[in-house]
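Dear colleague,

Here is the structure I promised to pass on to you. Please open it alongside this message, and read the notes below with the chain in view.

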Amino acid sequence: MLSVRAVIFTDMDGTLLDHADYSWAPAKKTLARCEREGAMVVPTSSKTRAELMLWLKKLSLRAPIISENGAGAFPGTLTEGVKLFSDELGCEPAMVFCVPIERVRAAIEALRDKIPGEIINFGRMTLEEIIEHTGLSHEEALLAAERDFDEPFLWKPEPTSAELSEVSMHFAEYGLVMTRGGRFWHLMGGCDKSVAVRWMKKTLFAPGTPTLALGDAPNDMGMLAAVDKGVLMDEDDRGPKRWAREVSLWLDGLKEKK
Ligand SMILES: [Mg+2]
């Protein structure tokens with residue numbers, strides 16, 4: 001068990017990071033406060049393991065991560081003092097909740113003729129196209145392309161609700177579920193951020209440790225319900241400024257309770 005005072009599970013794009021430019025500057029002070037006060041910030045994102053490991057560095061976080069919409073949970077640097085994130089050991093998934101990416105991509109190819117419009121999935125995009133659609137740097141796009149479980153895709157034109165339910169049923173026959181993220185559609189095995197969050201709460205943290213979660217999209221809803229308090233960013237107030245405000249208020253509330 002990790003001895004921390006509180007745990008904050010946070011979505012990244014559109015939540016801790018600005019939707020447009022990936023800035024987290026307005027949340028910097030609050031992140032420092034979290035560290036000072038023993039509140040562990042756990043990135044819980046549709047980003048890949050490789051991307052999140054880079055973000056841990058950028059944000060100076062020592063924390064576990066939950067990658068690809070809850071498909072993998074990595075206990076990070078802290079389990080029994082072993083530095084799993086060190087270069088020597090690399091980082092293997094501690095817990096895998098989902099089917100591998102090869103099977104997801106095979107299902108898309110098998111169904112491509114039945115899908116109305118055009119699905120452009122990551123597996124078919126060139127690196128330049130990934131950069132164009134995400135606004136990521138070259139280095140970050142390389143990491144985003146390193147997928148373990150979850151396949152993001154664009155769908156043009158936007159499907160009608162009838163088309164959406166028909167295609168969802170086709171994918172369900174392969175045991176796959178579609179969700180809508182902030183930027184892309186996602187297709188993966190039947191798992192959800194909430195499953196990994198519940199596993200991590202039970203496995204890494206002492207019972208009764210206060211938990212907060214923040215997210216901005218339908219793929220965050222399960223996670224928001226799996227903790228003591230869930231915060232859903234609204235469309236016109238997404239991103240790090242609101243993140244900082246909500247986290248500060250919550251930390252203030254914990255102090256008052258003591
Ligand atoms: Mg998001």
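What percentage of the 258 residues of the chain count as buried? The figure is 41%, and please keep in mind, here and throughout, that this is a predicted model.

**The chain as a whole**

The secondary structure comes to nine helices and 11 strands. The radius of gyration of the chain is 18 Å, close to the 18 Å that the globule rule gives for 258 residues, so the chain is as compact as a globular protein of that length. Along its principal axes, the C-alpha trace spans about 60 × 45 × 35 Å.

**Two domains**

The chain is divided into domain 1, made of 6-96 + 192-257, and domain 2, which covers 101-189. Their centres, taken over C-alpha atoms, are separated by 24 Å, and the contact between them takes 17 residues from domain 1 and 15 residues from domain 2. On the side of domain 1 that touches domain 2, the largest share, four residues, comes from helix H2 (residues 49-58). By class, that side of domain 1 has five nonpolar, seven polar and five charged residues.

**The four-stranded sheet**

An open sheet of four strands, paired in the parallel sense, has the order S2-S1-S10-S11. Strand S2 (39-43) and strand S11 (229-232) stand at the edges with a single partner strand each, so one side of each is left without a neighbour in the sheet. On average, and with direction ignored, neighbouring strands of this sheet are turned by 15° against each other. Strand S10 (residues 211-215) pairs with S11 over four bridges in the parallel sense, and Ala 213 has Gly 230 in S11 as its bridge partner. Helix H9 (residues 240-257) lies across strand S1 (6-10), S2, S10 and S11, and runs at about 170° to S10.

**A hairpin**

Strand S8 (residues 176-180) and strand S9 (residues 185-189) run antiparallel and are joined by five bridges, while a hairpin through four residues connects S8 to S9. Within this pair, the bridge partner of Thr 179 is His 186 in S9.

**Individual residues to look at**

In the loop between strand S3 (65-67) and strand S4 (72-74) you will find Glu 68, which has a positive phi of about 45° although it is not a glycine. Glu 68 has 27 C-beta neighbours inside 10 Å and therefore counts as buried. Asn 69 is found in the loop between S3 and S4, and its phi, near 60°, is a positive value in a residue other than glycine. Asn 69 is buried, with 30 other C-beta atoms within 10 Å.

A cis peptide bond, with omega about -10°, joins Lys 156 and Pro 157, and Pro 157 is found in the loop between strand S7 (151-156) and helix H6 (161-172).

Finally, Arg 198 lies in helix H7 (residues 193-204), and because it has 16 C-beta neighbours inside 10 Å, Arg 198 counts as partly exposed. The C-alpha atoms of Arg 198 and Met 223 are separated by 8.4 Å, and these residues are 25 residues apart along the chain.

With best regards

Notes: Residues are numbered from 1 along each chain as its sequence is written. This is a predicted model: local features need pLDDT of at least 70, side-chain atom pairs count only at pLDDT 80 or more; totals for chains, interfaces and linings use all residues. Two strands pair if DSSP finds at least two bridges between them. Helices (H or I, at least four residues) and strands (E, at least two) are DSSP runs, numbered from the N terminus. Axes are lines fitted to C-alpha atoms, for helices over the stretch in contact, and angles run from 0 to 180 degrees between N-to-C directions. Two residues are in contact if their C-beta atoms, placed from the backbone, lie within 7 Å. Domain bounds come from an automatic or database domain assignment. Ala, Val, Leu, Ile, Met, Phe, Trp, Tyr, Cys and Pro count as nonpolar, Asp, Glu, Lys and Arg as charged, and the others, Gly among them, as polar. The radius of gyration is taken over C-alpha atoms; the globule rule is 2.2 Å times the number of residues to the power 0.38. A residue is buried if 20 or more other C-beta atoms lie within 10 Å of its own, exposed if 12 or fewer, and partly exposed in between; C-beta atoms are placed from the backbone.
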